[in-house]
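We will walk through it stop by stop, and at each one you will hear what to select and what to look for.

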Amino acid sequence: MQRPRSSQHRSMSFVIRGIRTTSLLALSLTFALLARSQSENARASALIREGQGALDAGDFSRAIHDFENARQLAPDNADVNRGLVLSYLQAGRLADAQRIAESAVGRWPHDARLQHWLGLVYFKEGHNQNALQALQRSESLSPNGPDIHFDIALVYLAENQYPQAADELENAIKLNPNAALPHILLGRAYQNTNRTVKAIEQFRAALRADPNVPLGHYHVGFALASLGRDQEAIAEYQKEALRSPDNPSVLYQLGHCELATSEWQSAIMHLKKATQLDPKNADARYDLGKALLLEGDAAAAVLTLRQAAALKPESPEPHYLLARALEKIGDKEQSQHELQIFADLKKAQPATGGMATGPIQ
Amino acid sequence: MAHPRWPSLLVSAAMLTAACLLVFFPQRSPAHQQTHRSTAPASTSKGKGLASSPISFIDIAKTAGIDFHLTCGDPEKRYIMESMCGGVAVLDYDNDGWMDIFLVDGSTLADQREGKCHTGKLYHNDHDGTFTDVTAKSGISHCGWGFGVAVGDYDNDGWEDLHVTYLDGAILYHNNHDGTFTDVTAKAGVGNIGRWGTSAAFGDYDNDGFLDLYVANYVDLDLQHLPEFGQGLFCQYRQIPVSCGPRGLKGGRDRLYHNNGDGTFTDVTEKLNIDPNSYYGLGVVWLDYDLDGCLDLYVSDDSTPSMLYHGDCKGGFTEVGVKAGVAYSADGREQAGMGVDSADYDNDGWPDIVKTNFSDDSNNLFHNDHTGEFTDLAGPADFGPVSIPFLGFGVKFLDIDNTGWKDLFVANGHVNPQVDQYSFGVTYAERPLLFRNLGKGKFEEIGFKSGSALAHRYVGRGAATADFFNEGREDLLVSVLDGPPLLLQNQSRKQGHWLRIKTVGTRSNRDGFGARVEVKAGGFTQVAEVRTNSSFESASDPRLHFGLGSANLVDAIVVHWPSGTMDRIGPQRTDQQLVIEEGKGVVTPQPMAPRTASSHAN
């Protein structure tokens, strides 16, 4: 027996109507969702722009606020995650920065910038090995950025790995020769690997790139002094002292060079000021005592050298000079006593240096 | 979606960190960089005003017939003894009045194993600006790895004898008066057996009229068990592998041999408590620093305190180096003492001391304070700072232009050829330094403008002074590692008057070593002590040379002999040599012939 056709038709129509209704509903929902998504994306984009503006302005709290909100709206947006990592990093919220960065790096492992910033987070946390790994991953993803080489160099420098740091800084400078700071740091790396002549070239390059680079003349002076070119070093330190008249390190190094060139009165003046600004600088006080002794004021030298010895009790040198100063003022008994202390401290010192042996760095 | 801009932020993040690092990076004070300062290239001042200086030296070694080549190990210098050769001696072995030359040769490990002989060479001064190699007939035939040489008439027979140090002992050659020498080591008992001697020096410390002998010993080295190149804490220089030592190696105890007066010596090292800590001895000079009439002794030690032995006039010594301020640097640090010499550079009547050191450290100019103490015035004298980039070995006071003020010569050269592979600013070969005494305690370094020979770089070691051509000018003889020596003839245009004195002791030792001679001329008095040995492993002209400036008359001469006797001598002409015999005064005035073309080998 055949079923009546109308019944089949009705049934089909119902289904079709149902489908149409569902489709319309789904379509409506989709449109609604799309509209909301577009609205959220627009809102997220706006927050990203605002966050970036806050970062540019140095308002890191505001930047964090913006990027956190943006991340609520668009958690899978790479730019949002980058912005939040950078905001936390700049604000010093390193644990948060690390959490977001590690998560984002897991999501976007080939994002060079995220790897870079994760490296910076680790570095600021003192996790240098992790930092180095992250930065090197970033470098492999984007080898032509000058900043990545620079930042890897920072990690090496912090680890006292000067030759490796020098390599990275050389790369950074090739990519951006006009930045002063990489030249300064490369100079430091050279200086600490005894390539002093090359260090001077770098310090001078830094000053050419930026005549006001912090401590630029100080570094040139230090390198020149380590070559025994004390007069030239003094000229550099004097330039630095004009810019930083109350920097005790600059004044100490200036006084030290003046002492070496027998400009005792100037040395005394600068070393006195250095010790006033930094009373715990035993080296400056020692040099001051030495200058006073050479200038003929043995009594003042005794006083100053006693202070130097007290500041650095493990050091034999102040006692040696103190013995000589005491001898000059006729206190032979105390002089002998100081020589004995000197001898005892000498014995306690490890044997380093010598004819064919340089310092163990 | 808009893409954010990041670059400025990234840079600032990095820069922020960098700024912190700048402040907190460990950067050593130069005050504590004594042993690791880099050095400036020797060429920095090369060529400046070469033609304008009145001081000029030319190297005439080759044309003068000095065909010597100093062998000292392999070029890589993998072992410490390969860097320390270079003794040179100036002596008049045949008493013809002209200074002859003896050059000590080293060896190599391969030559040692194969028995290949290195004897050193004796050159006779032919009086015409040339020298003749007379080694073959001289009897100087010991084969070994030689280092230093001392000259003195140990048996008072009027003929200079030779003592040569080796890696494993020493040889004393007695002068037979006929141009030959005989090895008398065994009989004399100065063999320094099994020890690596460097510098040695004759001096009569107990004033008994016979020259005693001090031998500085460096390291007790076993050639069968040499320390491995670059392996270990003390085999590094600026973090690069180099030859090991001396730290980490056993020091060799110096020896003091007392002359018994019968051709034999007695080793009194232990009895007199000499070098009880077996420091690494490299330089020796006898002097009477406190003018008490008895010889004292200064020994420069490598990497360990240098020693000043005060003679008590009774045959004993007290070591006073630390108290006197000559054991350490002015900061109380051990230095790598190499060569030493003594003279009264400021004409205050008291002998001062000069000592060379490693690169990255200042050479010392120990001024005699007349109180038994010395003050290192190398800095104020402008002698120290310029020396910092150089590794000094031989050092001699001399009066290059006869002004009456003692100038200074320093032979330089690094010990590690490996430094040339790095941009330390340190080079293996270095130019010598020549310091002109400006008076008032100041010096000026003029080597770079004193002729091309002094502007070049060498691996300099031994250095000696002499008036080789008897023309009233002090010349220089310098050994060069793995190369020919320099015979630097003084051709300076402007020269003052001069006087040369040869002392002959009678009650005192025949050479008159230790005699203090005062020469008054031109309104001031100069003082000098008679000796040959000083510098690094070397012996110089024993005749005292006094520059007199414009003075054309010597007003008075006083000789304080080691025996305690004194000779006072009245006015004398300038520009001549006087032979002064103890108790007799001037026995042979010898006016010098004016300089002639034949006296120039070049």
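A residue counts as buried if 20 or more other C-beta atoms lie within 10 Å of its own, as exposed if 12 or fewer do, and as partly exposed in between, with C-beta atoms placed from the backbone. Helices (H or I, at least four residues) and strands (E, at least two) are DSSP runs numbered from the N terminus. This is a predicted model: local features need pLDDT of at least 70, side-chain atom pairs count only at pLDDT 80 or more, and totals for chains, interfaces and linings use all residues. Residues are numbered from 1 along each chain as its sequence is written, while chains are lettered from A and ligands numbered from 1 in the order in which they are written.

**Stop 1: an enclosed strand in chain B**

Select residues 255-259 of chain B, which form strand β14. Five of the five residues are buried, so β14(B) is largely enclosed by the rest of the structure. Now show the side chains: Arg255(B), Tyr257(B) and Asn259(B) point one way, and Leu256(B) and His258(B) the other way. In a regular strand the side chains alternate between the two faces of the sheet.

Look for Phe265(B), the bridge partner of Asn259(B). Five residues lie between the strands of the β14(B)-β15(B) hairpin, where Gly261(B) takes a positive phi near 85°.

**Stop 2: a four-stranded sheet**

Stay in chain B and select the open sheet with the order β1-β30-β29-β28, paired antiparallel. Its edge strands, β1 (57-59) and β28 (460-466) of chain B, each pair on one side only. Neighbouring strands here are turned by 25° against each other on average, direction ignored; axes are lines fitted to C-alpha atoms, for helices over the stretch in contact, and angles run from 0 to 180 degrees between N-to-C directions. Zoom in on β28(B) and β29(B) (residues 475-480), which pair in the antiparallel sense over five bridges. Thr465(B) stands opposite Leu476(B) there.

**Stop 3: over to chain A**

Chain A has 18 helices and zero strands, and 51% of its 361 residues are buried. Select residues 60-73 of chain A for helix α2(A), where Ala63(A), Ile64(A), Asp66(A), Phe67(A), Ala70(A) and Arg71(A) are buried. They cover an arc of only 165° around the axis, which puts them on the same side of α2(A); the arc is that of the directions from the helix axis to the C-beta atoms.

Next, select α14(A), whose buried residues include Trp264(A), Ile268(A) and Leu271(A). The buried residues of α14(A) pack against α13 (248-260) and α15 (282-295) of chain A.

**Last stop: confidence**

Colour chain A by pLDDT, the predictor's confidence in each residue, from 0 to 100. Chain A averages 88, and 86% of the residues score at least 70. Over residues 1-16 of chain A the pLDDT is below 50, and this stretch has one contact beyond near neighbours in sequence. Two residues are in contact if their C-beta atoms, placed from the backbone, lie within 7 Å. Residues 353-361 of chain A also have pLDDT below 50, with 39 contacts beyond near neighbours in sequence.

Methods
Pairing = 2+ DSSP bridges.
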